[in-house]
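Take a look at the fold shown here. The walk below goes from strand pairing to cross-links, then to the core and the confidence of the model.

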Amino acid sequence: MVGQAYSRRGGNKSGFSPTKFIRRPLVFRVSVASLALLVVWSWFGKEHREDWPAELDNPENVKLSVSEDGTDPTIERFLQDIVPGEETLLDDENQFITAKNIAHGLKIWVAPINKQTLMCLKSLSGCGDNAGAWDKRLYLFLRELNADVKPEEADFVFIPNFQFCFRNNPGCYGTIGNRPADEADSLYLIYKETLETLERLAPGRDWTNRFIVPMSHEHGGCGKSDENGEHSQRHPVLKDQIAISTLGNVDGNCYQPQLDVVVPPFMDYGAVKWAEKLPASEHREYLLVNLSTQSSRHVDKVENLMNRFAQQGCPENPDKCVFKPIGDLSSEEYLYYLRKSRFCLMPAGRNGFSYRIWAALFTGCIPVLLMEDGQLPFQDFLDYRKFVITLNTRGVLIENIDLEALLTSIDLSSAKALQVNGGRARRSFDYRAPFARAMGPYGLLLETLKKRKQQLGF
C-alpha cells in the first residue's frame, strides 16, 4: 500500500508496528495513507499546482460528475457498447471453462467500476476508438472470470483505470476546484476509493505489488504527458505496483521491468483487413519499405541510422526499396506498401519497440526492428526470433551495416518461414473474440501474472 512503512519484503525498518496500526480505527488508517500519498505526490507533475494532491484530498474541492439526465450509466450498457447483442464477454460455458483453466491458481479481485468512470466511458471524444478499447475488454474479461474472488483471498487487485478516455475527455470524471479533472487526477481518486473499499473488506492486508492498473497505450506507469506528448515520471500511486501498457522502454522512468506487463497495442483491424489472402514473400514487389516516423528515443542515433539507410538506398535493387514519411501517406497507400513489401523497417519509438510491428504482421510484411534493450509484449512466451528481425542499435556494429546486403542474404525459404510464423503469431495480438485463447492476449496476460505471482512469492 502506498505510504505503508512496513512491507512484506522490506520488513519493519522504521520502528513502526503493523499490528498496532491495523488495530487503529479505519479513519486513522485512511488518514495516514492519504498523508503518505501527499508526500509521494509532492514531486509529481509540472502541470499541477503546488498544493496537489492536497486539493484532491479535500472533499469540498472535488466535485464528481453527475449524469445530465439524472440516469446513472450501468455496467450492462457498457457491456453492450463493447460486445453488442451479448450478455457476457465469455459468451458460452466452454469459453468460461477454458478461461478458468488458463487462470488456474490465479485469483484477481476486480474493483467495482463507479458511475463517474462509466460516464467517461460513454464520452465520444477519443474513448470509443481502438486505442482506448483494449482496456475495456480486459476489464470485462477479468470481471467475469473472477466474479467469485474475494479481496481477502486475492493475489492481485485490478483497478478499472481508463487513462485514454480520461485524457481525451478532461472533466468527464469531475472538477478539482476550478479546473477539469485530468487522467492523473482520475487515477488518484479511483485508487483512493479502491483503498478505502479494501480497508472495509479486507482490513490490514499488505497490498504492495498487488495492484494491477491498465495504462494508456505508450504511457506505461506515467501519470500524464506534457504538452509535447512526452512522459517523464511514474505515477506515484503505481510505485511498487503493476502497470499494464504497451510501454517496454527500459531506459525511462515510467517502466518497472520486474513488475510491469507489456501488452500489444490495440490495432485498427478494419483498416488492416488482415483476414484477406496475403501475397507470399516471393511474390512481393518491394524488398524493403520504411514508412515510419522517427523515434523520440535515442533520437540522434536512430535518426542518423534512418537517414543513412535512406541515402544509401538499395544500389543493387534501386527500385525495390521505398523510404517515405508516414505522414505523407493515406491509409490506403500505407497498407498498399505494407502488403507489397517483403521486409518493413521500423525504428523503436517511445515504447522501446515499434507498435508498427503488428501492422506489419497483419499484412504479411516481415518486421525489421531497430531496437535497444526494450521489452516486447509477452516475450517470455513468444519467440520473436521466428518472425521478427531485430537489429540492436546499441554498440558500433549497427553503424556499418549494409541493410540491402543483409536482407538479400536471407533466402526465400527463410523469408517464407518468417512470414508464416508471423501469421501464426497474429493471434497473440488480436483482442477480439474468442477471448479465451491460451495464446491470445488475455491468455498470455494471465500466464504473465501467474509468473509474477510466483516471482513475488505470493
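Which residue in β9 is the bridge partner of Val213? The partner is Ala243. This is a predicted model, and what follows should be read that way.

β8 covers residues 211–214 and β9 covers residues 242–245. The two run parallel and are joined by three bridges. They belong to an open sheet of five strands. Its order is β4-β5-β8-β9-β10, and the pairing is parallel. β4 (108–110) and β10 (261–262) stand at the edges. Each has a single partner strand, so one side of each has no neighbour in the sheet. Helix α7, residues 134–145, packs on this sheet. The helix touches β4, β5 (156–158), β8 and β9. Its direction makes about 115 degrees with that of β4.

β13 and β14 run parallel and are joined by five bridges. Within that pairing, Leu345 has Val368 of β14 as its bridge partner. β14 also pairs with β15 (residues 389–392), again in the parallel sense, over four bridges. There, Met371 stands opposite Asn392 of β15. Is β14 mostly covered or mostly open? It is mostly covered, with six of its six residues buried. Both faces take part. Ile366, Val368 and Leu370 are buried on one side. Pro367, Leu369 and Met371 are buried on the other.

Now the cross-links. A disulfide is a covalent bond between the sulfur atoms of two cysteines. With a sulfur–sulfur cut-off of 2.5 Å, the count comes to three disulfides.

Take Cys120 and Cys172. Their sulfur atoms lie 2.1 Å apart. The link is right-handed, with 100 degrees about the S-S bond. Cys120 lies in helix α6 (residues 115–121), and Cys172 lies in the loop between α8 (163–168) and β6 (174–176). The pair therefore ties together parts that are 52 residues apart in sequence. Buried means under 20% relative accessible area. Cys120 counts as buried because its relative accessibility is 0%. Cys172, at 14%, counts as buried too.

Cys344 and Cys365 form another disulfide, with sulfur atoms 2.0 Å apart. This link is also right-handed, at 115 degrees about the S-S bond. Cys344 sits in β13 (residues 341–347), and Cys365 sits in the loop between α13 (356–362) and β14 (366–371). Parts that are 21 residues apart in sequence are thus tied together. Both Cys344 and Cys365 are buried.

That leaves Cys314 and Cys321, with sulfur atoms 1.6 Å apart. What is the handedness of this disulfide? The torsion about the S-S bond is about -75 degrees, so the disulfide is left-handed. Cys314 counts as buried at 6% relative accessibility. Cys321 is buried as well, with a relative accessible area of 13%.

Back to helix α6, which also holds Gln116. Gln116 counts as buried, because its relative accessibility is 6%. Beyond four places in sequence, Gln116 touches Leu64, Ser65, Cys172 and Tyr173. One of these, Cys172, is a disulfide partner of Cys120.

Next, the nonpolar packing. In soluble globular proteins, nonpolar side chains tend to be buried together. Here the largest nonpolar core has 74 residues. Ile108, Tyr139 and Phe141 touch the most other members. α7 gives the most to this core, with seven residues. Ile108 has contacts beyond four places in sequence with Leu142, Asn146, Val149, Phe156, Phe158, Ile212 and Leu449. Another core of 29 residues lies apart from the largest one. Among its members are Tyr173, Ile176, Tyr191 and Trp207.

Finally, the confidence. The mean pLDDT of the protein is 80, and 76% of its residues reach 70 or more. Which stretches fall under 50? Residues 1–23 stay under 50, and the model has 43 contacts for them beyond four places in sequence. Residues 294–299 also stay under 50, with 18 such contacts.

Methods. Residues numbered from 1 in each chain as written. Heavy atoms only, no water. Pairing = 2+ DSSP bridges. Contact = heavy atoms within 4.5 Å. Axes fitted to C-alpha atoms, helices over the stretch in contact; angles between N-to-C directions. Buried < 20%, exposed > 50% of the residue type's maximum accessible area, 1.4 Å probe, protein only. pLDDT = per-residue confidence, 0-100. Core = buried A, V, L, I, M, F, W, Y, C linked by side-chain atoms within 4.5 Å.
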